[in-house]
Amino acid sequence: ALDQEEVAHAVIARLEAEGHSAYLVGGCVRDKLMNRSVKDYDVTTSALPEQVIASFARTLPTGLQHGTVTVVIQGTPVEVTTFRTESKYEDHRRPASVTFVPELREDLQRRDFTINAIAMERSGRLIDPYGGRTDIERKVIRCVGDAHERFEEDALRMLRCLRFASNYMFSIEEGTWLALLDKAPLLRHIAMERVEAELTKMIAGTDPLRALRLLARSGLLRHTKIPLGAFAERIALAASEHPDPPSQQTASSVKEREELPERLHRWTELSGDVMRWAFLFAAVQLSPEEAAQGMMALVFPRRKSDRIVKLLEFKQVIDREINSIAGTSELSDEKLNMFFKKQALRYGKSNAQDWLAINALLVTFRGPYARLYVRLSDSGAQWLEEIALWDRTELAVTGAEIADALGREAGPWTAQMLDRLLAEAALQGTENDKSRLILLAQQYGKELEMP
Ligand code: ATP
Ligand code: MG
(Lines give C-alpha, C1' and ligand atoms only; values in the text may rest on other atoms or scores of the structure.)
(Ligands and ions follow the chains in the order given, each with its own letter.)
Protein backbone atom coordinates (compact mmCIF):
# COMPACT_ATOMS: atom_id res chain seq x y z
CA ALA A 1 0.00 0.00 0.00
CA LEU A 2 1.05 3.58 -0.56
CA ASP A 3 1.65 5.83 2.43
CA GLN A 4 0.09 9.28 2.61
CA GLU A 5 3.17 11.06 1.29
CA GLU A 6 3.30 8.81 -1.76
CA VAL A 7 -0.41 9.33 -2.37
CA ALA A 8 0.04 13.12 -2.06
CA HIS A 9 2.86 12.96 -4.61
CA ALA A 10 0.74 10.84 -6.95
CA VAL A 11 -2.10 13.37 -6.62
CA ILE A 12 0.21 16.27 -7.46
CA ALA A 13 1.68 14.40 -10.46
CA ARG A 14 -1.78 13.66 -11.81
CA LEU A 15 -3.02 17.24 -11.39
CA GLU A 16 0.12 18.53 -13.12
CA ALA A 17 -0.43 16.09 -15.98
CA GLU A 18 -3.92 17.62 -16.37
CA GLY A 19 -2.30 21.03 -16.75
CA HIS A 20 -2.89 22.35 -13.23
CA SER A 21 -0.37 23.34 -10.60
CA ALA A 22 -0.34 21.60 -7.25
CA TYR A 23 1.81 21.63 -4.10
CA LEU A 24 2.14 20.23 -0.61
CA VAL A 25 1.19 22.97 1.82
CA GLY A 26 0.64 23.94 5.46
CA GLY A 27 1.27 21.65 8.43
CA CYS A 28 2.96 18.88 6.43
CA VAL A 29 5.60 21.19 4.93
CA ARG A 30 6.22 22.84 8.29
CA ASP A 31 6.54 19.47 10.04
CA LYS A 32 8.92 18.13 7.38
CA LEU A 33 11.15 21.20 7.71
CA MET A 34 11.12 20.75 11.49
CA ASN A 35 11.91 17.02 11.19
CA ARG A 36 8.69 16.21 12.97
CA SER A 37 6.47 13.33 12.01
CA VAL A 38 3.78 14.54 9.60
CA LYS A 39 0.16 14.02 10.64
CA ASP A 40 -1.65 14.83 7.40
CA TYR A 41 -0.48 15.67 3.92
CA ASP A 42 -2.52 18.49 2.41
CA VAL A 43 -2.38 19.46 -1.25
CA THR A 44 -3.25 22.89 -2.64
CA THR A 45 -4.02 23.28 -6.33
CA SER A 46 -5.12 25.66 -9.08
CA ALA A 47 -7.67 23.04 -10.19
CA LEU A 48 -11.29 23.81 -9.30
CA PRO A 49 -13.08 21.25 -7.11
CA GLU A 50 -15.01 19.80 -10.06
CA GLN A 51 -11.75 19.44 -11.99
CA VAL A 52 -10.22 17.60 -9.04
CA ILE A 53 -13.24 15.31 -8.88
CA ALA A 54 -12.96 14.64 -12.62
CA SER A 55 -9.26 13.78 -12.35
CA PHE A 56 -9.53 10.86 -9.93
CA ALA A 57 -11.49 7.61 -9.73
CA ARG A 58 -12.40 8.00 -6.05
CA THR A 59 -13.12 11.30 -4.32
CA LEU A 60 -15.23 12.48 -1.40
CA PRO A 61 -16.78 15.96 -1.34
CA THR A 62 -15.61 16.62 2.24
CA GLY A 63 -15.62 20.42 2.16
CA LEU A 64 -16.84 21.53 -1.23
CA GLN A 65 -18.02 24.93 -0.03
CA HIS A 66 -14.42 25.63 1.06
CA GLY A 67 -12.93 24.08 -2.05
CA THR A 68 -11.82 20.85 -0.39
CA VAL A 69 -12.10 17.42 -2.02
CA THR A 70 -10.67 14.29 -0.46
CA VAL A 71 -8.92 12.07 -3.00
CA VAL A 72 -8.66 8.41 -2.07
CA ILE A 73 -5.99 6.25 -3.67
CA GLN A 74 -5.63 2.61 -2.58
CA GLY A 75 -7.63 3.39 0.53
CA THR A 76 -5.44 6.33 1.59
CA PRO A 77 -7.08 9.78 1.70
CA VAL A 78 -5.44 13.13 0.94
CA GLU A 79 -7.21 16.48 1.16
CA VAL A 80 -6.95 18.62 -1.95
CA THR A 81 -8.00 22.27 -1.68
CA THR A 82 -8.32 24.78 -4.48
CA PHE A 83 -6.26 28.00 -4.16
CA ARG A 84 -8.57 30.43 -2.44
CA THR A 85 -8.87 33.63 -0.50
CA GLU A 86 -11.20 34.25 2.37
CA SER A 87 -12.83 37.56 1.70
CA LYS A 88 -15.66 37.99 4.15
CA TYR A 89 -15.16 37.34 7.83
CA GLU A 90 -18.26 37.51 9.96
CA ASP A 91 -18.02 37.97 13.72
CA HIS A 92 -14.26 37.38 13.81
CA ARG A 93 -14.68 33.74 12.86
CA ARG A 94 -13.81 31.70 9.83
CA PRO A 95 -15.48 33.04 6.72
CA ALA A 96 -18.72 31.58 5.49
CA SER A 97 -17.69 31.86 1.86
CA VAL A 98 -14.43 31.74 -0.06
CA THR A 99 -13.23 32.87 -3.46
CA PHE A 100 -11.13 30.62 -5.68
CA VAL A 101 -8.03 32.27 -7.11
CA PRO A 102 -5.51 31.26 -9.77
CA GLU A 103 -2.33 32.12 -7.83
CA LEU A 104 -0.59 30.06 -5.13
CA ARG A 105 0.78 33.23 -3.59
CA GLU A 106 -2.68 34.52 -2.83
CA ASP A 107 -3.58 31.25 -1.18
CA LEU A 108 -0.49 31.38 1.02
CA GLN A 109 -1.38 34.91 2.01
CA ARG A 110 -4.64 33.85 3.69
CA ARG A 111 -2.82 31.46 6.05
CA ASP A 112 -2.24 32.33 9.69
CA PHE A 113 1.50 32.12 10.38
CA THR A 114 4.58 32.22 8.20
CA ILE A 115 5.56 28.71 9.30
CA ASN A 116 2.18 27.48 7.99
CA ALA A 117 2.39 29.40 4.71
CA ILE A 118 5.07 27.42 2.86
CA ALA A 119 4.33 25.33 -0.23
CA MET A 120 6.53 22.53 -1.56
CA GLU A 121 6.82 21.27 -5.11
CA ARG A 122 7.03 17.56 -5.81
CA SER A 123 10.76 18.09 -6.37
CA GLY A 124 11.14 19.44 -2.85
CA ARG A 125 11.61 23.04 -3.94
CA LEU A 126 9.95 25.52 -1.57
CA ILE A 127 7.67 28.42 -2.41
CA ASP A 128 8.03 30.56 0.67
CA PRO A 129 7.17 34.22 0.03
CA TYR A 130 6.74 35.12 3.72
CA GLY A 131 9.99 33.75 5.10
CA GLY A 132 8.49 30.79 6.92
CA ARG A 133 11.65 28.75 6.62
CA THR A 134 13.75 31.40 8.35
CA ASP A 135 11.13 31.68 11.07
CA ILE A 136 11.29 27.91 11.60
CA GLU A 137 15.08 28.15 11.89
CA ARG A 138 14.82 31.06 14.30
CA LYS A 139 11.94 29.40 16.13
CA VAL A 140 9.53 32.28 15.76
CA ILE A 141 5.74 32.45 15.37
CA ARG A 142 4.87 35.40 13.13
CA CYS A 143 1.63 36.31 11.41
CA VAL A 144 1.50 36.48 7.64
CA GLY A 145 1.11 40.18 6.90
CA ASP A 146 -0.55 42.52 9.36
CA ALA A 147 -1.02 40.74 12.70
CA HIS A 148 -3.83 43.04 13.85
CA GLU A 149 -5.81 42.27 10.72
CA ARG A 150 -5.17 38.55 10.90
CA PHE A 151 -6.40 38.24 14.50
CA GLU A 152 -9.29 40.57 13.76
CA GLU A 153 -10.38 38.34 10.86
CA ASP A 154 -10.26 35.13 12.86
CA ALA A 155 -9.80 35.30 16.62
CA LEU A 156 -9.08 31.58 16.90
CA ARG A 157 -5.65 32.34 15.41
CA MET A 158 -4.64 33.83 18.76
CA LEU A 159 -5.07 30.49 20.48
CA ARG A 160 -3.31 28.73 17.61
CA CYS A 161 -0.44 31.16 18.08
CA LEU A 162 -0.01 30.21 21.74
CA ARG A 163 -0.40 26.52 20.88
CA PHE A 164 2.35 26.56 18.24
CA ALA A 165 4.58 28.60 20.57
CA SER A 166 4.20 26.24 23.52
CA ASN A 167 4.15 22.98 21.58
CA TYR A 168 7.16 23.81 19.40
CA MET A 169 8.98 25.86 22.04
CA PHE A 170 9.00 28.87 19.70
CA SER A 171 8.96 32.50 20.70
CA ILE A 172 6.30 34.90 19.48
CA GLU A 173 7.45 37.75 17.27
CA GLU A 174 6.90 41.08 19.00
CA GLY A 175 4.42 42.59 16.55
CA THR A 176 2.39 39.39 16.62
CA TRP A 177 2.39 39.36 20.43
CA LEU A 178 1.39 43.03 20.71
CA ALA A 179 -1.44 42.52 18.23
CA LEU A 180 -2.56 39.49 20.23
CA LEU A 181 -2.68 41.53 23.44
CA ASP A 182 -4.71 44.13 21.59
CA LYS A 183 -7.19 41.72 20.04
CA ALA A 184 -7.55 39.31 22.97
CA PRO A 185 -11.14 40.43 23.76
CA LEU A 186 -12.27 39.14 20.34
CA LEU A 187 -11.80 35.59 21.56
CA ARG A 188 -15.28 35.72 23.03
CA HIS A 189 -16.65 35.30 19.50
CA ILE A 190 -15.16 31.85 19.20
CA ALA A 191 -17.25 28.77 19.97
CA MET A 192 -16.24 27.02 23.15
CA GLU A 193 -15.76 23.69 21.37
CA ARG A 194 -12.99 25.24 19.32
CA VAL A 195 -11.45 26.89 22.38
CA GLU A 196 -11.50 23.53 24.14
CA ALA A 197 -9.84 21.78 21.19
CA GLU A 198 -6.97 24.30 21.20
CA LEU A 199 -6.57 24.27 24.99
CA THR A 200 -6.51 20.48 25.02
CA LYS A 201 -3.77 20.42 22.37
CA MET A 202 -1.73 22.76 24.57
CA ILE A 203 -2.39 20.80 27.76
CA ALA A 204 -1.45 17.54 26.04
CA GLY A 205 1.54 19.17 24.32
CA THR A 206 5.21 19.86 25.00
CA ASP A 207 5.07 22.57 27.64
CA PRO A 208 1.60 22.97 29.15
CA LEU A 209 2.87 25.19 31.96
CA ARG A 210 4.24 27.66 29.45
CA ALA A 211 0.95 27.48 27.58
CA LEU A 212 -0.95 28.38 30.75
CA ARG A 213 1.41 31.25 31.43
CA LEU A 214 1.04 32.60 27.90
CA LEU A 215 -2.72 32.32 28.29
CA ALA A 216 -2.58 34.20 31.57
CA ARG A 217 -0.17 36.84 30.38
CA SER A 218 -2.12 37.51 27.21
CA GLY A 219 -5.41 37.65 29.07
CA LEU A 220 -6.90 35.28 26.48
CA LEU A 221 -8.36 32.98 29.10
CA ARG A 222 -10.34 35.86 30.59
CA HIS A 223 -11.88 36.58 27.21
CA THR A 224 -13.34 33.15 26.60
CA LYS A 225 -16.86 32.40 27.68
CA ILE A 226 -15.55 30.26 30.55
CA PRO A 227 -17.68 31.53 33.45
CA LEU A 228 -15.70 33.14 36.21
CA GLY A 229 -15.65 31.25 39.46
CA ALA A 230 -13.63 28.48 41.00
CA PHE A 231 -12.68 26.87 37.70
CA ALA A 232 -11.22 29.93 35.99
CA GLU A 233 -9.63 31.24 39.19
CA ARG A 234 -7.88 28.00 40.02
CA ILE A 235 -6.57 27.54 36.50
CA ALA A 236 -5.34 31.11 36.57
CA LEU A 237 -3.62 30.38 39.85
CA ALA A 238 -1.70 27.55 38.23
CA ALA A 239 -0.52 29.97 35.58
CA SER A 240 0.34 32.85 37.86
CA GLU A 241 3.91 33.97 38.06
CA HIS A 242 3.56 36.90 40.39
CA PRO A 243 2.16 37.06 43.88
CA ASP A 244 -1.07 38.96 44.44
CA PRO A 245 -0.79 42.63 45.32
CA PRO A 246 -0.23 42.81 49.09
CA SER A 247 -3.78 43.95 49.74
CA GLN A 248 -5.14 40.71 48.31
CA GLN A 249 -2.64 38.36 49.86
CA THR A 250 -3.70 35.78 52.33
CA ALA A 251 -1.36 33.31 53.99
CA SER A 252 -2.84 30.43 52.04
CA SER A 253 -2.74 32.15 48.65
CA VAL A 254 0.94 32.93 49.09
CA LYS A 255 1.70 29.40 50.14
CA GLU A 256 -0.22 27.98 47.20
CA ARG A 257 1.57 30.16 44.71
CA GLU A 258 4.87 28.97 46.08
CA GLU A 259 3.85 25.35 45.93
CA LEU A 260 2.04 25.23 42.63
CA PRO A 261 4.97 25.35 40.25
CA GLU A 262 6.51 22.59 42.32
CA ARG A 263 3.36 20.52 42.01
CA LEU A 264 3.05 21.12 38.30
CA HIS A 265 6.62 20.61 37.27
CA ARG A 266 6.23 16.87 36.70
CA TRP A 267 3.04 17.39 34.71
CA THR A 268 4.53 16.26 31.41
CA GLU A 269 5.43 12.85 32.78
CA LEU A 270 1.80 11.98 32.13
CA SER A 271 0.71 11.38 28.58
CA GLY A 272 -2.68 11.89 27.01
CA ASP A 273 -5.05 14.79 27.35
CA VAL A 274 -7.36 13.11 29.88
CA MET A 275 -4.52 12.40 32.32
CA ARG A 276 -3.01 15.85 31.83
CA TRP A 277 -6.30 17.66 32.49
CA ALA A 278 -7.06 15.45 35.49
CA PHE A 279 -3.62 16.17 36.87
CA LEU A 280 -4.06 19.91 36.49
CA PHE A 281 -7.46 19.86 38.19
CA ALA A 282 -6.09 17.68 40.98
CA ALA A 283 -3.05 19.91 41.47
CA VAL A 284 -5.14 23.07 41.80
CA GLN A 285 -7.56 21.18 44.03
CA LEU A 286 -10.74 21.53 42.08
CA SER A 287 -13.60 19.44 43.39
CA PRO A 288 -15.20 17.00 40.93
CA GLU A 289 -18.22 19.33 40.75
CA GLU A 290 -16.15 22.43 40.02
CA ALA A 291 -14.19 20.60 37.34
CA ALA A 292 -17.40 19.22 35.83
CA GLN A 293 -18.89 22.71 35.60
CA GLY A 294 -15.82 24.12 33.92
CA MET A 295 -15.63 21.25 31.46
CA MET A 296 -19.33 21.64 30.68
CA ALA A 297 -18.76 25.33 29.89
CA LEU A 298 -15.89 24.33 27.63
CA VAL A 299 -18.06 21.66 25.96
CA PHE A 300 -15.61 18.88 26.64
CA PRO A 301 -16.59 15.68 24.87
CA ARG A 302 -18.76 13.83 27.37
CA ARG A 303 -16.62 10.69 27.31
CA LYS A 304 -13.58 12.68 28.42
CA SER A 305 -15.22 14.78 31.12
CA ASP A 306 -16.85 11.66 32.59
CA ARG A 307 -13.48 9.98 32.90
CA ILE A 308 -11.88 13.05 34.45
CA VAL A 309 -14.72 13.51 36.95
CA LYS A 310 -14.46 9.86 37.97
CA LEU A 311 -10.77 10.25 38.64
CA LEU A 312 -11.37 13.35 40.73
CA GLU A 313 -14.11 11.55 42.65
CA PHE A 314 -11.75 8.71 43.37
CA LYS A 315 -9.19 11.23 44.57
CA GLN A 316 -11.78 12.95 46.75
CA VAL A 317 -12.79 9.70 48.45
CA ILE A 318 -9.16 8.85 49.22
CA ASP A 319 -8.43 12.39 50.45
CA ARG A 320 -11.45 12.35 52.73
CA GLU A 321 -10.57 9.03 54.26
CA ILE A 322 -6.99 10.03 54.86
CA ASN A 323 -8.06 13.34 56.39
CA SER A 324 -10.71 11.90 58.63
CA ILE A 325 -8.80 8.94 59.96
CA ALA A 326 -5.29 10.25 60.01
CA GLY A 327 -6.44 13.25 62.01
CA THR A 328 -7.65 11.15 64.91
CA SER A 329 -5.44 8.09 65.06
CA GLU A 330 -2.70 6.52 63.04
CA LEU A 331 -4.09 5.00 59.88
CA SER A 332 -2.49 1.58 59.82
CA ASP A 333 -1.08 0.19 56.61
CA GLU A 334 -3.56 -2.60 56.73
CA LYS A 335 -6.53 -0.26 57.01
CA LEU A 336 -5.22 1.96 54.25
CA ASN A 337 -4.66 -1.07 52.05
CA MET A 338 -8.20 -2.37 52.60
CA PHE A 339 -9.82 1.03 52.16
CA PHE A 340 -7.93 1.65 48.94
CA LYS A 341 -8.87 -1.74 47.55
CA LYS A 342 -12.55 -1.27 48.39
CA GLN A 343 -12.60 2.02 46.55
CA ALA A 344 -10.65 0.54 43.65
CA LEU A 345 -13.29 -2.16 43.35
CA ARG A 346 -15.98 0.48 43.36
CA TYR A 347 -14.37 2.79 40.81
CA GLY A 348 -12.70 0.14 38.66
CA LYS A 349 -9.13 -0.93 38.10
CA SER A 350 -8.18 1.54 35.40
CA ASN A 351 -9.43 4.52 37.42
CA ALA A 352 -7.41 3.30 40.38
CA GLN A 353 -4.31 2.89 38.25
CA ASP A 354 -4.75 6.31 36.67
CA TRP A 355 -5.22 7.91 40.08
CA LEU A 356 -2.04 6.21 41.30
CA ALA A 357 -0.11 7.68 38.37
CA ILE A 358 -1.42 11.15 39.18
CA ASN A 359 -0.87 10.71 42.90
CA ALA A 360 2.72 9.64 42.33
CA LEU A 361 3.46 12.99 40.67
CA LEU A 362 1.63 14.98 43.33
CA VAL A 363 3.11 13.46 46.47
CA THR A 364 6.41 15.26 46.20
CA PHE A 365 4.90 18.26 47.92
CA ARG A 366 4.66 18.53 51.65
CA GLY A 367 1.42 18.03 53.48
CA PRO A 368 0.27 16.78 56.84
CA TYR A 369 -0.42 13.27 55.58
CA ALA A 370 2.29 13.07 52.95
CA ARG A 371 3.46 9.78 54.44
CA LEU A 372 0.17 8.09 53.60
CA TYR A 373 0.13 9.33 50.01
CA VAL A 374 3.69 8.15 49.63
CA ARG A 375 2.66 4.78 51.01
CA LEU A 376 -0.13 4.52 48.43
CA SER A 377 2.24 5.60 45.75
CA ASP A 378 4.77 2.96 46.78
CA SER A 379 2.39 0.05 47.33
CA GLY A 380 -0.88 0.89 45.58
CA ALA A 381 -0.05 -0.92 42.35
CA GLN A 382 0.88 -4.05 44.25
CA TRP A 383 -2.26 -3.83 46.38
CA LEU A 384 -4.34 -3.71 43.22
CA GLU A 385 -2.73 -6.97 42.10
CA GLU A 386 -3.97 -8.60 45.29
CA ILE A 387 -7.57 -8.08 44.19
CA ALA A 388 -8.77 -11.44 42.92
CA LEU A 389 -11.85 -10.35 40.91
CA TRP A 390 -13.02 -7.03 39.55
CA ASP A 391 -16.53 -7.57 38.34
CA ARG A 392 -19.80 -9.18 39.43
CA THR A 393 -19.88 -11.12 36.20
CA GLU A 394 -16.72 -12.96 37.26
CA LEU A 395 -18.51 -14.44 40.27
CA ALA A 396 -19.25 -18.16 40.15
CA VAL A 397 -22.89 -17.41 40.86
CA THR A 398 -25.53 -15.25 39.13
CA GLY A 399 -28.24 -13.01 40.60
CA ALA A 400 -30.93 -15.39 39.39
CA GLU A 401 -29.26 -18.34 41.11
CA ILE A 402 -29.08 -16.43 44.36
CA ALA A 403 -32.73 -15.36 44.16
CA ASP A 404 -33.59 -18.98 43.53
CA ALA A 405 -31.54 -20.31 46.44
CA LEU A 406 -33.09 -17.77 48.80
CA GLY A 407 -36.59 -18.39 47.47
CA ARG A 408 -37.16 -14.71 46.68
CA GLU A 409 -38.03 -12.60 43.65
CA ALA A 410 -34.96 -11.13 42.04
CA GLY A 411 -34.88 -7.35 42.54
CA PRO A 412 -32.61 -4.43 43.33
CA TRP A 413 -31.43 -6.39 46.36
CA THR A 414 -29.80 -8.99 44.09
CA ALA A 415 -27.33 -6.46 42.73
CA GLN A 416 -26.47 -5.35 46.26
CA MET A 417 -26.01 -8.93 47.29
CA LEU A 418 -23.70 -9.58 44.33
CA ASP A 419 -21.62 -6.56 45.32
CA ARG A 420 -21.25 -7.90 48.83
CA LEU A 421 -20.23 -11.28 47.51
CA LEU A 422 -17.83 -9.62 45.10
CA ALA A 423 -16.18 -7.70 47.95
CA GLU A 424 -15.83 -10.96 49.88
CA ALA A 425 -14.36 -12.90 46.97
CA ALA A 426 -12.22 -10.01 45.75
CA LEU A 427 -10.83 -8.73 49.04
CA GLN A 428 -11.36 -11.22 51.87
CA GLY A 429 -10.02 -14.37 50.27
CA THR A 430 -13.40 -16.07 50.09
CA GLU A 431 -13.26 -18.77 47.46
CA ASN A 432 -15.12 -17.96 44.24
CA ASP A 433 -17.13 -21.15 44.42
CA LYS A 434 -20.83 -21.46 43.71
CA SER A 435 -21.96 -23.35 46.82
CA ARG A 436 -19.66 -21.32 49.05
CA LEU A 437 -21.13 -18.07 47.72
CA ILE A 438 -24.72 -19.30 47.97
CA LEU A 439 -24.10 -20.23 51.60
CA LEU A 440 -22.77 -16.75 52.23
CA ALA A 441 -25.76 -15.21 50.47
CA GLN A 442 -28.13 -17.19 52.66
CA GLN A 443 -26.31 -15.93 55.72
CA TYR A 444 -26.52 -12.31 54.53
CA GLY A 445 -30.18 -12.90 53.60
CA LYS A 446 -30.96 -13.85 57.19
CA GLU A 447 -29.18 -10.77 58.48
CA LEU A 448 -31.31 -8.67 56.17
CA GLU A 449 -34.49 -10.14 57.61
CA MET A 450 -33.52 -9.47 61.22
CA PRO A 451 -35.52 -6.66 62.79
P1 ATP B 1 -1.77 20.68 13.09
O2 ATP B 1 -2.67 19.87 12.17
O3 ATP B 1 -0.48 20.07 13.38
O4 ATP B 1 -2.51 21.18 14.27
P5 ATP B 1 -1.80 22.49 10.89
O6 ATP B 1 -0.94 23.66 10.59
O7 ATP B 1 -1.80 21.37 9.92
O8 ATP B 1 -1.39 22.02 12.32
P9 ATP B 1 -4.60 22.65 10.42
O10 ATP B 1 -5.67 23.17 11.30
O11 ATP B 1 -4.59 21.22 10.03
O12 ATP B 1 -3.24 23.03 11.12
O13 ATP B 1 -4.62 23.58 9.14
C14 ATP B 1 -3.87 23.35 7.95
C15 ATP B 1 -3.34 24.65 7.40
O16 ATP B 1 -4.44 25.55 7.14
C17 ATP B 1 -2.45 25.43 8.35
O18 ATP B 1 -1.12 25.01 8.25
C19 ATP B 1 -2.65 26.85 7.88
O20 ATP B 1 -1.88 27.10 6.74
C21 ATP B 1 -4.10 26.88 7.49
N22 ATP B 1 -4.98 27.30 8.60
C23 ATP B 1 -5.61 26.51 9.49
N24 ATP B 1 -6.36 27.21 10.34
C25 ATP B 1 -6.22 28.50 9.99
C26 ATP B 1 -6.76 29.72 10.47
N27 ATP B 1 -7.58 29.75 11.51
N28 ATP B 1 -6.40 30.85 9.84
C29 ATP B 1 -5.57 30.82 8.77
N30 ATP B 1 -5.03 29.72 8.28
C31 ATP B 1 -5.34 28.55 8.87
MG1 MG C 1 -3.09 19.60 10.03
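Ligand 1 sits in a shell made of Gly26, Gly27, Lys39, Arg111, Asp112, Asn116, Ala117, Asp154, Leu156 and Arg157, where a residue counts as near if its C-beta atom, placed from the backbone, lies within 6 Å of the molecule. Keep in mind that this is a predicted model, with local features needing pLDDT of at least 70, side-chain atom pairs counting only at pLDDT 80 or more, and totals for chains, interfaces and linings using all residues. As for labels, residues are numbered from 1 along each chain as its sequence is written, while chains are lettered from A and ligands numbered from 1 in the order in which they are written.

**Ligand shell and domains**

- Sorted by class, the shell around ligand 1 comes out as two nonpolar, three polar and five charged residues; here Ala, Val, Leu, Ile, Met, Phe, Trp, Tyr, Cys and Pro are nonpolar, Asp, Glu, Lys and Arg are charged, and the others, Gly among them, are polar.
- Ligand 1 lies between domain 1 (4–131) and domain 2 (139–225), because both give residues to its shell.
- The protein chain also has domain 3 (227–387) and domain 4 (392–449), with bounds that come from an automatic or database domain assignment.
- Between the C-alpha centres of domain 1 and domain 2 there are 24 Å.
- Domain 1 puts 13 residues into the contact and domain 2 puts in 16 residues, with contact meaning C-beta atoms, placed from the backbone, within 7 Å.
- On the side of domain 1 that touches domain 2, you get five nonpolar, three polar and five charged residues.

**H13 against H17**

- Helix H13 (residues 273–283) and helix H17 (residues 349–362) have axes that come within 10 Å and cross at roughly 50 degrees.
- Those axes are lines fitted to C-alpha atoms, for helices over the stretch in contact, and angles run from 0 to 180 degrees between N-to-C directions; helices are DSSP runs (H or I, at least four residues), numbered from the N terminus.
- H13 and H17 are therefore oblique to each other, given that under 35 degrees is roughly parallel, over 145 roughly antiparallel, 65 to 115 roughly perpendicular and the rest oblique.
- From H13 the contact uses Met275, Ala278, Phe279, Ala282 and Ala283, and from H17 it uses Asp354, Ala357, Ile358, Leu361 and Leu362.
- That contact of H13 with H17 has nine nonpolar, no polar and one charged residues.

**H10 against H11**

- Helix H10 (residues 208–218) packs on helix H11 (residues 230–239) at about 110 degrees, with the axes 8 Å apart.
- So H10 is roughly perpendicular to H11.
- Leu212, Arg213, Leu215 and Ala216 of H10 touch Ala236, Ala238 and Ala239 of H11.
- By class, the H10 contact with H11 has six nonpolar, no polar and one charged residues.

**H19 against H20**

- Helix H19 (residues 399–406) and helix H20 (residues 412–427) pack at about 105 degrees, their axes 10 Å apart, so they are roughly perpendicular to each other.
- Gly399, Ile402 and Ala403 of H19 meet Thr414, Ala415, Met417 and Leu418 of H20.
- The contact of H19 with H20 has five nonpolar, two polar and no charged residues.

Terms used
Contact = placed C-beta atoms within 7 Å. Helix = DSSP H or I, 4+ residues; strand = E, 2+ residues; numbered from the N terminus.
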